[in-house]
Amino acid sequence: MTAETSQTLDRGLRVLKLLADTDHGLTVTELSTKLGVNRTVVYRLLATLEQHALVRRDLGGRARVGLGVLRLGRQVHPLVREAALPALRSLAEDIGATAHLTLVDGTDALAVAVVEPTWTDYHVAYRAGFRHALDRGAAGKAILTARAGGLAEGPGYTLTHGELEAGACGAAAPLVGVSGLEGSVGVVMLAEAVPERVGPRVVAAAQEVADALR
């Protein structure tokens, strides 16, 4: 800690990080041990975080991340979208297909940024805000592959055909190395198969977006 930082705020943020890293919550005693502070301090931190809906406590007294964190997370989408747009524009123009950035939202894949090519006669309409199950479509499957640690065994991208829209195929690559964010960058096009060069180009675009978000 330095003179310019707040010890209380630092502890509160550490509480949120600890709770975010567990599926079953933590007790006051467990938090006290992990933080290296007494239980009274933990009670005060939790009470303050509860007032802002950032923490909730279940009937057993275990603290968990509250819904207020989700509301804060939604405000991140415009910032992420802005950072990703240059890479998405370049990808859409280069491939001649609709490019998109997709993030995990609960059990769904949520398109938060979409760029359509300007020079094609036709392309797939794909709107920001479109959501689908993670296990359908290239965008979600790329995320699941990264989550399972399967990137080292494959080409680094995922291809699908007709899973979200008849006659459309997709290619997507996961965002890698962006702390606290699960997502993918991809394209969707009307074709029988994805051209060979598209997969590596999508991987490069995903890397560009990841670099912009670090």
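Is Phe130 buried, partly exposed or exposed? I looked this up first, in a predicted model where local features need pLDDT of at least 70, side-chain atom pairs count only at pLDDT 80 or more, and totals for chains, interfaces and linings use all residues. Residues are numbered from 1 along each chain as its sequence is written, and side-chain values use heavy atoms, with hydrogens and water left out.

Entry: I found Phe130 partly exposed, with a relative accessible area of 32%. Tyr126 is buried, at 10%. Buried means under 20%, exposed over 50%, partly exposed in between (1.4 Å probe, protein chains only). I searched the whole structure and got one aromatic pair. Tyr126 and Phe130 form this pair, edge-to-face, with 5.3 Å centre to centre and 65 degrees between the planes. Rings of Phe, Tyr and Trp (its six-membered ring) pair if their centres lie within 6.5 Å; planes under 30 degrees apart are stacked, over 60 edge-to-face, the rest tilted.

**Entry: the sheet.** I traced six strands in an open antiparallel sheet, ordered E5-E4-E3-E8-E7-E6. Strands (E, at least two residues) and helices (H or I, at least four) are DSSP runs, numbered from the N terminus. Two strands pair if DSSP finds at least two bridges between them. E5 (131-133) and E6 (158-161) are the edge strands, each pairing on one side only. E3 (residues 98-105) and E4 (residues 108-115) pair over seven bridges. I noted that Val104 has Ala109 in E4 as its bridge partner.
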